[in-house]
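Hi,

Here is the structure I said I would pass on.

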Amino acid sequence: MILTCLIVAIFGGGILAWISSRWGQWWPRWISLGVLSASLITLIALWIKYFGRAGVASRGPWLIEIDRAWIPQLGIHFHLAMDGLSLMFLVLTNFVGIIAVAASWSSVKERVGFFHFNLLWILAAIMGVFVAVDLFLFYFFWEMMLVPLYFLIGIWGYENRTYASIKFFLFTQAGGVLMLVGILGLYFVHGRATGVYTFNYSELLGTPMAEWTARWLMLGFLAAFAIKLPVVPLHTWLPDAHTQAPTAGSVILAGLVLKAGAYGMIRFLVPLFPDAALDFQTIAMAIAVVSILYGAVLAFAQTDIKRLVAYTSVSHMGFVLLGIFAWNEIALQGAVMIMLAHALSTGALFIIVGDLQQRIHTRDISQMEGLWATIPKMSGLALFFAVASLGLPGLGNFVGEFLVVLGAFQSNLPLAVLATLGLIFSAVYSLWMVQAVFQGPNTHQWKLPDMSLREAAILLSMAGALIWFGLYPKTVLSTVKDSIHNLQQSVSNSQTQMPSATLPLGDTPAGAQGPSDSGGTK
Amino acid sequence: MTRAELVVMLPFIMLAATPVAVMLAITLRRDYRVCTALTLLGLVLALAMLPVTLSQSSRESTALFIVDDYAVFYMGLLLATAIVLALLSYRYLKVQTGDREEFWILLLLATLGSSVLVASRHFASLFLGLEILSVSLYALIGYQRTREIAVEAAIKYLVLAAVSTAFLLFGMALVYGEIGSMEFAQIAALRSHLGDAERAFFIAGLALIVVGAGYKLAVVPFHMWAADVYEGAPAPVTALVATMSKGGMFALLLRFFTQIGFRADDALFWIFTAVAIASMLAGNLLALLQNNVKRILAYSSIAHLGYLLTAFIASGSLAVTAVTFYLVAYVVASAGAFGVLIALSGPERDADRIEDYRGLFWSRPWLAGVLTAMLLSLAGIPLTAGFVGKFYLVAAGAQTSLWALVIILVTTSIIGLFYYLRIIVAMFSQPAEEGTGIAVRQVLAPPEAAALVVVTSLAVWLSVYPSPLLHIIPKLVH
């Protein structure tokens, strides 16, 4: 029930924010902030309540569950359920949501009500994606985030916003409808095999099907998730959408929307089609390596700073894909860790870029140079997030990338070695960006106001979370451990041999601790 | 004719009597308001009589009509659409020059024609309904006879409708020649006794009927008239062509071909498949090239008929539900979209250029919101009826493993999204100059507002809580 309440509250908050804009433009901001904070506090309370107690046997896979018939004619249920993995992403969604509201506090001045309406509806739909366990409901939420996001980019974006927003909409919608075909295919395959026509995730797990059926259906799902993630060569919408979106839009895109794609792969793609996914493993990991390297190289080649940050996302999401398809506990935990850390580090970089653009009205790197002299505080934080993004030990991203590469080593050595190159590349583009923008002489004689208290608070809270993840990753890892274990279990149950799952570390109770300790100390 | 048969015919009698009443009212005194009130009253009374027919044990009336649950459902849909269209047309007509009262007579006749179509179980009544509908449409399309483009559209429609009628008649004649009956039930029963040579003529007859019906539905390759007629006709008439005319015809097609079991013949299956694929592709691709909102909607409607045919061809247990639900969603969304177009149109021309919609969201947020919702519904985005509808269509196709058709449906619907987005982008972009353009000058009249509110809430409600409707639909066919 509490899940429904949270999602409905945020939808309702969006409507209220829109209506309230007639009383003044501060109302929508405070309403959004209030709703999201309340929701975040509730989720953190839940997190504390269930922390470490997410027992597999005693509770079943879900911590909280609600199941009501919705369209009984087709066996569609309003079925939400949360496990540790979903909880982690719900917390992230609300945290990033608050950051997004705060980041657009002074930069969005026009049509404030409608802006916050869209913002909250995106967040509510994404929360729905993270907790829906009825495939129809999942698809419903999945599609629902598109329209408000489209408006966010198309109305409050920068100069080329119409092109970017339409491209974004068409790409993601194309993936979405292919997933719809996959969902319905699975529904009928399952119905014919068992006589039970249902969209229920738990029942659809382990559906017996022919090899090629599974492959085709998996491709339907993969289309949606790979476009969202995004994976080279389906990534071309991302640089445009990220660059043209307003700061809040970029933060949500990088922090949450891309994660929905990765979450879909972990929750649905591999568990529903374990054999097909295993056959696809090498190809997917190869594509992941291509994404890592290609994204990094293109990031280095950009002259628009926001586009640069956007391409780094492609590279980082390559690591996530690598971790998911390596499909062992270490790599999966690493993938989740990267997702959380990337949401914060890249989100923060987008906010800094947004703040810079608000001050100097350009995103062209050649116009910047030597900004440290005039805005030292912001530059310092930018350096922090840049090194976080390149994977400096002690910060969240490092833990994630380390775990992913460690996991990938066990499943495909040559590709893991190639992926490691990406870590070097990311050092190159991150440091190059810092050097080109913030260091050197202030040739353009910029005199800019440094960070305001609000901007500092946003960035410091994100920095704090990154340090926390880096030094004590166990908070995250033990929250998601059981979920990942369950997912792996359901996959290995339905297939006879699962070579990559036979990890000595993964089966011991200390499995989560082992890699995380090494992550923190090396 | 027995008393029971008469009771069953009550809605039709009401629909036939109202135009006479309006005509008499006009001869007494030309009063636009009185005529409007009479029209609405007639439509509402006809709608109210539908439940009366439900109480009868025998739902057949003569050899021509059958007012079964299916017919009652579709007549309800058509009558409700007619009421909505009448409400939407009120202000539009009021600001036009020339006589306006006859419009109501023609609207009522068109409603009668399409109602007859959905209740017919005999070629004669089919033909009768179709002609009542067509003849009133000729006049309606050319109603603004001072506008050149309207007259052109009317003549185009007249010629093509006459051609289609010829095809239809010839097809019926062939079927009658082989079977010896014009009743649907007889045709279904006797077709299996046909020899090979007779079967060939029978199939040819059905194919000709498909051609005739195809013209009415404007599916490819019988679609040439659609864009021009949509553009030339007054906006309310365009809405009528898009909703009532196509809806009634499709309901009839569904009844006839389901009853005679068209899946038994490969030839018919391939004809329908080819038509569906061509409609989806051509409709969506040609819509990309248009700059006129009415023309965009014309081509999009061609594509939507293609989508509908996909589920129709699937003809699994989900097919009737899918087609009916989608048809309802399509009618609702089309009525809403044209409703906004009507509300923005002035006496000199219709608001059918994309520029008319530039910045509409900032000057007329509610109307723009309604149009956005309707276009998203046509595109099949969640929280609109079109989403559930499209879900059902794909489900119906997937159920009988028509993967090629399903893949074409979903990929072309992405192309479709692009042209809907073009209109939406225009509405949300910054207006060129404040206070210009045809759109901002029209004042929204209460009847229009009421109709739009009803249609929009229906579109959202059908998406959030579709089960009542989905519960009813499977019971319509036994």
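Domain bounds here come from an automatic or database domain assignment. Bear in mind that this is a predicted model.

On that basis, chain A splits into domain 1 (1-52 + 59-270) and domain 2 (280-522). The C-alpha centres of domain 1 and domain 2 of chain A are 22 Å apart, and their contact draws 38 residues from domain 1 of chain A and 44 residues from domain 2 of chain A. On the domain 1 side, α4 (84-103), α11 (237-244) and α12 (247-272) of chain A each put in at least two residues, with the largest share, 12 residues, coming from α12(A). By class, that side of domain 1 of chain A has 26 nonpolar, 10 polar and two charged residues.

Next, a helix pair in chain A. The axes of α14 (residues 281-300) and α19 (residues 413-437) of chain A come within 9 Å and cross at roughly 15°. Angles under 35 degrees count as roughly parallel, so α14(A) and α19(A) are roughly parallel to each other. The crossing is left-handed. Among the residues that meet there are A:V289, A:L293 and A:F300 from α14(A), and A:L418, A:F425 and A:W432 from α19(A). The contact comprises 17 nonpolar, two polar and no charged residues.

Finally, the two chains: 23 residues of chain B contact 24 residues of chain A. On the chain B side, α17 (385-399), α18 (403-428) and α20 (467-476) of chain B each give two or more residues, and α18(B) has the largest share with 10 residues. That side of chain B has 19 nonpolar, four polar and no charged residues.

Cheers

Key: Residues numbered from 1 in each chain as written. Chains lettered and ligands numbered in written order. Predicted model: local features only at pLDDT ≥ 70, side-chain atom pairs only at ≥ 80, totals over all residues. Contact = placed C-beta atoms within 7 Å. Helix = DSSP H or I, 4+ residues; strand = E, 2+ residues; numbered from the N terminus. Nonpolar A, V, L, I, M, F, W, Y, C, P; charged D, E, K, R; others polar. Axes fitted to C-alpha atoms, helices over the stretch in contact; angles between N-to-C directions. Parallel < 35°, antiparallel > 145°, perpendicular 65-115°, else oblique. Left-handed = near helix turned anticlockwise from the far one by under 90°.
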